[in-house]
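Reader: I have just opened this one and would like a walk through it. Could you take my questions as they come?

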Amino acid sequence: MEINQILAEELGLREEQVEKTVALMDEGNTIPFIARYRKEVTGSLDDVTLRKLEDRLTYLRKLDERREEISSAIENQGKLTEEISAALARATTLVELEDIYRPYKQKRRTRASVARERGLAPLAELIAAQADSYPRPIEEEAAQYIDEEKGVSTAADALAGASDILAEEISDNAEYRKMLREFAFEAGVLEAKLVEEEKENSKIYADYADYREEVRTVKGHRILALTRGEREECLKVSMTLDRDAALARLGSRVITNKKTPVLALLLAAIEDSYDRLIFPSLEREVRAELFDRASEGALKVFSDNLRNLLLAAPLHGKTVLGYDPGYRTGCKLAVVDKTGKVLDTAVIYPTKPREETEKSKKTVLRLIAAYGVDVVAIGNGTASRESEAFIADTLRDAPRPVAYTIVSEAGASVYSASPLGAEEFPDFDVTERSAVSIARRLQDPLAELVKIDPKAIGVGQYQHDMKQNRLTEALDGVVEDCVNSVGVDVNTASYSLLSHIAGINAAAAKSIVAYREAHGEFRSRAALLKVPKIGERAYQQCAGFLRVVGGDEILDNTGVHPESYPVAAALLREFSLTEEDVRQGGLGSLRALVMARGVGKLCRKLDCGEPTLLDIVSELEKPGRDIRDSAPAPVLRTDVLTLDDLEEGMLLRGTVRNVVDFGAFVDIGVHDDGLLHVSEMSDRFVKNPAEVVKVGDVIEVRIKGVDKKRGRISLTCKTPKNA
């Protein structure tokens with residue numbers, strides 16, 4: 001089956017649709033550009049589907065490359081048959097291909113290769129033939145192979161060598177291995193034991209002290225936990241499989257004549273092959289496959305969480321006081337104005353060991369009064385709980401209404417110590433940069449979080465246990481999709497933000513910023529063509545995602561691509577409208593006018609596709625719109641809650657901070673996030689937490705239980721029984 005056919009079948013698409021989309025990718029078009037501006041060609045495939053298609057396309061092409069390599073290697077040995085070629089053509093995974101290649105692969109010296117060197121292959125072939133009878137007993141036949149010089153001293157030595165050859169041939173049989181691999185996934189059992197109960201990290205793995213679960217039911221997050229525990233030498237993990245059942249299955253394939261006089265030798269060779277060669281390899285393969293599946297599952301969770309975090313609603317038009325809590329080194333403050341510019345910084349010591357509460361309070365109130373602070377953004381790290389209590393008390397005396405919110409500071413320290421952080425704020429120390437980052441990520445999460453390695457943002461599970469190249473590739477794709485779906489102001493965006501725009505790499509992004517600093521603000525998108533490193537191709541890919549606010553051309557502040565400006569202008573003329581009408585605040589009634597005239601009729605007249613026309617209408621209705629404005633706004637608080645304030649049954653509003661396989665962690669305004677287990681998410685059965693909640697959602701939860709000793713809060717969304 002051709003690659004495009006396979007992709008169409010797996011993704012539920014038309015083959016022609018796949019063929020055209022693959023052609024766009026092969027031409028060098030970026031995923032965001034294809035998703036947004038080539039909808040007529042792809043059938044309106046979104047960026048998530050396009051990424052899946054691209055990933056699978058890459059895998060299948062590598063599979064074909066490996067298929068050709070193996071075919072050539074076997075042919076060079078003069079052993080390529082029609083049967084092998086057909087088996088290679090049928091293989092759908094790299095594992096299957098390697099199974100076929102296994103007998104022809106150059107091996108290190110083995111017991112079987114030694115036996116072949118001793119001339120025992122004909123004896124092995126004789127036994128493998130499974131004849132009804134032999135001219136003489138097999139022991140006498142084996143005696144003909146005695147050769148002291150070759151190391152075959154007795155008939156028993158000859159039979160042992162022949163059995164080694166048989167065992168290896170059985171192990172190398174692709175059909176047998178595939179059958180046993182499927183059996184292992186169906187009936188295998190994973191087991192784990194604690195290596196040393198007193199070992200430092202062993203308590204973390206207490207749940208796996210005596211663990212046993214069927215391979216077919218084990219969840220991905222448990223696979224990743226077991227793998228980590230084994231790597232840290234806290235757990236001993238193994239797979240077991242019913243040996244008798246496996247041998248029976250293998251025997252039924254190998255034995256073709258149960259009446260043959262060499263049956264006992266064959267059965268012994270089968271057992272040796274399974275115990276010494278097949279099962280150890282099978283265990284590694286199954287566990288590797290389980291790990292890969294678990295990693296892909298965790299990767300999807302991480303990607304979804306990251307996407308929702310990056311697309312969280314920005315807090316527009318607010319002056320923010322960023323607050324990075326700490327103990328010994330104090331709490332760092334940074335006032336950031338509505339545009340993200342740093343106005344002032346300070347250090348206070350309201351927590352232990354100095355506890356300069358009154359002095360710290362005066363500093364905070366002075367900053368609020370001097371700069372008109374609207375919101376205090378408190379990082380959720382060390383000393384966060386004490387800092388929240390301090391701020392809540394201080395705000396009661398503020399000269400103006402001020403709220404506060406808790407902001408995840410995951411990754412803030414990574415940014416602060418990075419070359420980018422040093423470049424942005426060369427005169428600030430790392431903690432001052434953290435305070436700025438905390439404030440800015442409340443104002444515009446996307447613009448600030450793109451400066452941080454996605455793996456450090458802290459919305460995944462077991463991300464450090466996954467294949468890092470695959471993780472980086474996938475998360476970079478999520479960041480790229482998010483940045484391009486929102487668009488960026490070319491006159492204010494940092495080069496780190498610009499570098500995620502389709503068609504623009506880091507060098508081109510720095511070139512844009514340098515040109516802007518040298519020549520002033522861009523007045524149009526077209527002016528980008530004057531920037532070094534931005535050629536026609538790069539411009540085509542990036543132009544639609546860059547915004548020029550207040551420029552010469554109103555369409556430059558929309559998602560309409562320059563290639564569609566003639567269509568947009570013709571559409572406006574159809575209804576006697578002008579670009580000035582758009583500039584005055586948008587055309588809220590345009591969609592109704594288009595529908596009344598007839599979408600198909602207009603598309604034919606304007607010579608454009610329906611998706612393009614409707615996208616243009618959306619942009620003209622609300623020029624400069626931010627898709628994130630529809631996301632839940634941050635929860636702003638004025639008073640503090642502690643564990644002691646929580647009571648079972650209490651109803652609270654909280655923000656979903658992380659979604660994992662087994663539930664979600666929700667910030668309800670207490671230092672520790674509460675766990676909303678998947679079983680407590682709804683009155684109905686919920687299989688996947690992502691079906692119900694996503695990162696950034698503001699939801700109502702009820703306190704199910706509080707473990708003050710362990711600092712754990714259990715939440716529920718279920719209807720109370722007495723309701």
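Reader: Where does Ser-576 sit?
Author: Ser-576 is in the loop between α26 (565-574) and α27 (579-583). Please keep in mind that this is a predicted model.

Reader: What is its phi, and is Ser-576 buried or exposed?
Author: Phi of Ser-576 is near 55 degrees, which is a positive value in a residue other than glycine. With a relative accessibility of 68%, Ser-576 counts as exposed, since the cut-off for that word is over 50%.

Reader: Staying with α26, how do the axes of α26 and α30 cross?
Author: The axes of α26 and helix α30, which covers residues 610-621, come within 11 Å and cross at roughly 70 degrees. The two helices are therefore roughly perpendicular to each other, because angles from 65 to 115 degrees count that way.

Reader: And which residues make that contact?
Author: From α26 the contact is made by Val-567, Ala-568, Leu-571 and Leu-572, and from α30 by Leu-613, Ile-616, Val-617 and Leu-620.

Reader: What about Lys-533, where is that and what is its phi?
Author: Lys-533 is placed in the loop between α24 (506-519) and α25 (536-542), and although Lys-533 is not a glycine, it has a positive phi of about 80 degrees. Its relative accessibility is 59%, so Lys-533 counts as exposed.

Reader: New topic: how many residues has the largest nonpolar core?
Author: The largest nonpolar core has 123 residues, and those with the most contacts inside it are Leu-190 and Leu-250. Helix α15, residues 263-310, gives the most to this core, with 16 residues. Apart from this core lies another, of 26 residues, which has Ile-3, Ala-8, Ile-31 and Leu-60 among its members.

Reader: Which residues does Leu-190 touch?
Author: If its neighbours within four places in sequence are left aside, Leu-190 is in contact with residues including Tyr-211, Val-215, Val-218, Ile-223, Leu-226, Met-239 and Leu-290, and also with Arg-212, Glu-213 and Arg-287.

Reader: Back to α15, then. At what angle does α11 cross α15?
Author: The axes of α11, a helix of residues 155-171, and α15 come within 8 Å and cross at roughly 60 degrees. That makes α11 oblique to α15, and the crossing is right-handed. Among the residues that meet there are Leu-159, Leu-166 and Ile-170 in α11, and Leu-265, Ala-269 and Leu-277 in α15.

Reader: What about strands, which ones form the closed barrel?
Author: The closed barrel has five strands in the order β11-β12-β13-β15-β14, with mixed pairing. On average, neighbouring strands of this sheet are turned by 50 degrees against each other, direction ignored.

Reader: Last one: which peptide bond is cis?
Author: The peptide bond from Lys-352 to Pro-353 is cis, with omega near 5 degrees. Pro-353 is found in the loop between β6 (342-348) and α16 (357-371).

Terms used
Residues are numbered from 1 along each chain as its sequence is written. This is a predicted model: local features need pLDDT of at least 70, side-chain atom pairs count only at pLDDT 80 or more; totals for chains, interfaces and linings use all residues. Side-chain values use heavy atoms; hydrogens and water are left out. A nonpolar core is a set of buried Ala, Val, Leu, Ile, Met, Phe, Trp, Tyr and Cys residues joined through side-chain atoms within 4.5 Å. Buried means under 20% relative accessible area, exposed over 50%, partly exposed in between (1.4 Å probe, protein chains only). Helices (H or I, at least four residues) and strands (E, at least two) are DSSP runs, numbered from the N terminus. Contact means heavy atoms within 4.5 Å. Two strands pair if DSSP finds at least two bridges between them. Axes are lines fitted to C-alpha atoms, for helices over the stretch in contact, and angles run from 0 to 180 degrees between N-to-C directions. Angles under 35 degrees count as roughly parallel, over 145 as roughly antiparallel, 65 to 115 as roughly perpendicular and the rest as oblique. A crossing is left-handed if the near helix is turned anticlockwise from the far one by less than a right angle, and right-handed if clockwise.
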